[in-house]
Amino acid sequence: MQTDLPYILALSFQKGIGDITARKIIQFFGSAEAAWNCKPKDLMQISGIGQQLSKDFGNKKWLDLAFNEIEYCNNNQINILTFYDEVYPQLLKECIDAPLVIFCKGNLEFNQFNNKKISIVGTRKMTNYGRNFITELIEGLADFDVTIVSGLAYGCDIEAHTNSLKNKIATWSVMGTNFERVYPAAHKKIAIKILQKGGWVTEQPSFKIATPEAFLQRNRIIAGLSDITIVVESAFKGGSLVTAKFANEYNREVFALPGKSTDVLSIGCNYLIKSHQAYLVENSKDIIDYFNFNSKKKPKQIDLFIEFSDDENLIVNYLKINGKQHIDKMSFDLNLKSYELMPILLDLELKQIISTLPGKFYDLL
């Protein structure tokens, strides 16, 4: 157990202190433990800390709750990640109001370099138009290294999770409640399935009662965990537009599905596009093009009747494992001179096994 963990948790439970101020306090004192044991007059040197807050700061009840929470999480296979942990999501860490602490359950590989995190959000009153878009979108992304992030709510959220599971794509559910209570209860079975290849994320400890504000705050985590956010259907007001707002504030790209001007559930999306807060998205190809996906995670099925030389086999197997590669990198990794590689690559291109890409890159077709 990290020696500073109980104090970081206690600091996150302390009333009147937000995530930004908490990190400021830890930075000032050098550790959460040092901050917890400081004198009120020292605490008040920090901007934003008043006399009233300094009086209640370091109350033992929060530290007791922290030790109880650590025990609870250990007994329930829940990981506690603090802002200072190496495995804390890097994308989320880049956000100015990143949570000081998050609770995680399942198989969550936050910091895979090539994996793109895509949040899909939208109305709870999804139409067939939105449902068909999500189905096509996720099916189109199934061959690429992506993770789908959403909030487990009715409508677009659960459709995103369900289609991810169907297409064997990892998906993360960001909850506005703690893990004691999966909300809505109707989605508990799907939530459990999510744990097999993805996981759950929340900033709510086990003793915290869910509030409407917690669900709005949850939206910032959805946006913060993601490279891009896609708004599928939304009225002029709603949680989806809040998520889009957070994503824009974090300098992440937002995409929105357009609709008829007379459709109530397209007004929000159309507004985002019209006000240049989101790019228009119509299908999975738009997202594939945005990420410039060239290398599929599923290896190409090579025609068994094509005969390859030893050198050709070497290159084909290399590209199967590594995906798109520059000729100089191939030359170094395979210990072949560029002039030795060129005729082999040409032969493979004529056999329609590989393709030449701009910038002297090569990849399997």
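This is a predicted model: local features need pLDDT of at least 70, side-chain atom pairs count only at pLDDT 80 or more; totals for chains, interfaces and linings use all residues.
Two residues are said to be in contact when heavy atoms of one lie within 4.5 Å of heavy atoms of the other.

A278 sits in the loop that runs between helix α13, residues 267–274, and strand β9, residues 279–280. Its relative accessible area is 10%, and because buried means a value under 20%, A278 counts as buried. When the neighbours within four places in sequence are left aside, A278 is in contact with V254, F255, A256, L272 and I273.

**Helices packed on α17**

Two packed helices are described by the angle between their axes and the distance between the axes. The table sets out these values for two helices that pair with α17, which spans residues 338–350.

| Helix pair | Angle between axes | Distance between axes |
|---|---|---|
| α16 (residues 327–334) and α17 (residues 338–350) | roughly 110° | within 10 Å |
| α15 (residues 310–322) and α17 | about 75° | 10 Å |

The axes of α16 and α17 cross at roughly 110°, and since angles of 65 to 115 degrees count as roughly perpendicular, α16 is roughly perpendicular to α17. On the α16 side the contact involves I327, D328, M330, S331 and L334, which meet S338, L341, M342 and L345 of α17. Sorted by class, the residues of this contact are 6 nonpolar, 2 polar and 1 charged.

Helix α15 packs against α17 at an angle of about 75°, which makes α15 roughly perpendicular to α17 as well. Here D311, E312, I315 and V316 of α15 come into contact with L341, I344, L345, D347 and L348 of α17. This contact has 6 nonpolar and 3 charged residues, with no polar ones.

**The cavity**

Rolling a probe the size of a water molecule over the atoms shows where empty space is left. In this structure there is 1 cavity of 30 Å³ or more, and the largest cavity holds about 40 Å³ of space. Its lining is formed by E69, Y72, C73, I78, F103, N178, F179, E180, Q204, P205 and S206. Helix α6, residues 60–75, gives the most to this lining, with 3 residues. By class, the lining of the largest cavity comprises 6 nonpolar, 3 polar and 2 charged residues.

Note on methods:
Residues are numbered from 1 along each chain as its sequence is written. Side-chain values use heavy atoms; hydrogens and water are left out. Helices (H or I, at least four residues) and strands (E, at least two) are DSSP runs, numbered from the N terminus. Buried means under 20% relative accessible area, exposed over 50%, partly exposed in between (1.4 Å probe, protein chains only). Axes are lines fitted to C-alpha atoms, for helices over the stretch in contact, and angles run from 0 to 180 degrees between N-to-C directions. Angles under 35 degrees count as roughly parallel, over 145 as roughly antiparallel, 65 to 115 as roughly perpendicular and the rest as oblique. Ala, Val, Leu, Ile, Met, Phe, Trp, Tyr, Cys and Pro count as nonpolar, Asp, Glu, Lys and Arg as charged, and the others, Gly among them, as polar. On a 1 Å grid over the protein atoms alone, a cavity is a set of points where a 1.4 Å probe fits but cannot get out, and a pocket is an open set with protein on both sides within 12 Å along at least five of seven lines; lining residues have an atom within 4 Å of a point. Grid points are joined across faces, edges and corners, and a volume is the space filled by probe spheres set on the points.
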